[in-house]
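Morning, everyone. Please take a look at the structure on the screen.

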Amino acid sequence: MSDFLGKNSLTRRGFIGNALAGAGALYATTALVSCSGESTVANAIFPKAGNEQMTGLGEEWNGPSGIGDYAGKNGNTAAVVNDAHGIIRNGSIFDQISAAPIVDDVYDLVVVGAGISGLTAAWQFRRLKPGSSVLVLDQHEIFGGEAKQNEIEVDGYRLTAPQGSTGIVVPFTRAAESGFPIVFKDELRFPDTFEYQEPENLSKPIEIPQDMWSPMHIAWERADVGYYYKGTGLVKNVWRNGFADAPISDELRTALLSLELQRTPPRRDDWEQWLDSMTYKEYLLNIAEVPETVIDDVCAFLDPVMAAMGCGQGSDIISAYQAFNYMMPGVSGYVRYLTDGVDPTDGIYLATFPGGNTYQAKRFLQLAKPEALSPATNMAELQNATVQWNELDKPEQGYRLRLGATVFGVRHDGDPATAQQVLVTYSKGGSAATVRAKSVICAGQQHANRRICLDVSSEVREAMNAFHHSPVLVLNIALRNWKFLENAGVSCVRWFEGLGWWTGLRRNLVLDGEEPQPLDPNKPVFLTQYIPFTLPGEPFPDQCTKARQQLFEMSIEEIQTRMREQFTEMFEEYGFDWDRDVAEVIANRQGHAYVVAPPGFFFGKDGNPAPKEVLRAPFHRIAFSHSELFGAQMWESAAEEGSRAAGQMAELLS
């Protein structure tokens, strides 16, 4: 067992990260196509040995998925993975394209991807060009990208939890001062301040955080956290006494505390570019002077935090500037320089809806296409609004949403420089079809765009090829009660071996005076886990590929068994019984959850622009939008990128 410990030290930390921004993506397509129109050899995202498995998954692979509109739509389902790998990998892309009939009239805009970025782009485009015709295509059977939710009923209580994207940086004034301006606050009907639910019927005081992220790293004081060490058991609130009770070496304890106390990193005018020139591990060794004898254990402690919050992989891969974005030790001091010494965590929090950022996805859809959802006049009603499936894709509608449509070809109709239309080919229900558009926004991730955009320039394709993504497994465990946590006196738990690393309670928002679900140790609750797959020592980008293979090779039975063993080991002495206390385990496999940002991702290398900046400029009648182009994958950045792309295409058609 590596000698690692808890997190966050005697200093508070600023919050920049937000998890799993909900921009829609097309997952894991696998063929590269040359600009000349000749198909190259299908290039599997998975190693060769995994090809067959990734095109023959059965429905049993999905596992339980809850109830309601999101039932059967938990993360990357078997159908999504099979289609994404199989439709293009079969080697007959151009045969399919040439045989695909043209359907529908010419659209003003086609949006590929119905995550928050795509939904924002469609709404903003119609706002800029009233009366325009828009078609949104998405491979999944429901909109939202990673901003989706799981729903379940346990003992008469309806529980909701995020499949991925969750969290709003508040209060808005302080958030803006610290670099997190709210986007479309009024349109989203956000109040100036949010109200959080309070726990009920506690037999002892327990600090429960407003969100699931802050106590992981940047605000340990907002939760009672137990750190589980095999052979020792739960050690409570290790940061409050400098890890005096944690079974770690003095050398590691000193290294971590010293790192947390570094509040004055080197001042230099080019500090951002400088941080982006090295990995975070290089910064820790060479600038923060973490001893080489404990650097691996320090990184082993920090890596799951960074990877889960938004970096995808760990310190040996990500840029030190990306570590700064997520307020990691050593580099977080640069925030103080930007805020005249003020620590943002003293006044910045997260607000979390019960289903994560599903609310924002629903609201952006409702704004432009109100008939798509059941009537909702306030936040509480919209949170519970249901999809009106028959209203999504009617020929007479100006805004059409076509789900279950896997796009595998986007190309201009002729020379891109002079073409007046773009042709978009997709497969739905086993049949291919082509639609025509005056403009297209590809609102998915670049791992998909580089395979479906068939006629982009070599510069654009090279920029796309610079994007690599790591997976996250989001587990929602529905409990009949959480008395065992109350007995242990903790609201959150971290562990260091086995599947996963962190879970905890959170205080949901009170919406329009209504508490969405109970927060009572005697009543049901969802515990959410964000589980990354870090592989230190593996070369980049092989880390991402192998991590994704690990995730997709896990059956639901393996996930459930390993969770059962982990929870029993940690909590049995506090009265936990898996068979009695666990109602359901829902697994959401997010195969391309986060873009991984190595050195040069933000500011480029060798005098060349950063690939994300190349892709912010349209390629003739095709624009790109996704939170990854911002660098920090949050719902706010997804919405901003979607709005930017919509403006570009609206201007093109003016």
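Is Ser427 buried or exposed? Ser427 is buried, because its relative accessible area is 11%. Buried means under 20% relative accessible area, with a 1.4 Å probe and protein chains only.

A word on the source. This is a predicted model: local features need pLDDT of at least 70, side-chain atom pairs count only at pLDDT 80 or more, and totals for chains, interfaces and linings use all residues. Residues are numbered from 1 along each chain as its sequence is written, and side-chain values use heavy atoms, leaving out hydrogens and water.

Back to Ser427. Ser427 sits in strand E14, residues 422-428. Strands are DSSP runs of E, at least two residues; helices are runs of H or I, at least four; both are numbered from the N terminus. Leaving aside residues up to four places away in sequence, Ser427 touches Ile87, Gly404, Ala405, Thr406, Phe408 and Ala432. Contact means heavy atoms within 4.5 Å.

Now the whole chain. There are 21 helices and 23 strands. Of its 654 residues, 64% count as buried. Take contacts between residues at least 6 apart in sequence: 76% join residues at least 24 apart.

Last, a helix pair. Helix H3 is residues 116-128, and helix H21 is residues 635-652. Their axes, lines fitted to C-alpha atoms over the stretch in contact, come within 7 Å and cross at roughly 40°. The contact involves, among others, Phe125 and Leu128 of H3 and Trp635 and Met649 of H21.

Notes: Buried means under 20% relative accessible area, exposed over 50%, partly exposed in between (1.4 Å probe, protein chains only). Axes are lines fitted to C-alpha atoms, for helices over the stretch in contact, and angles run from 0 to 180 degrees between N-to-C directions.
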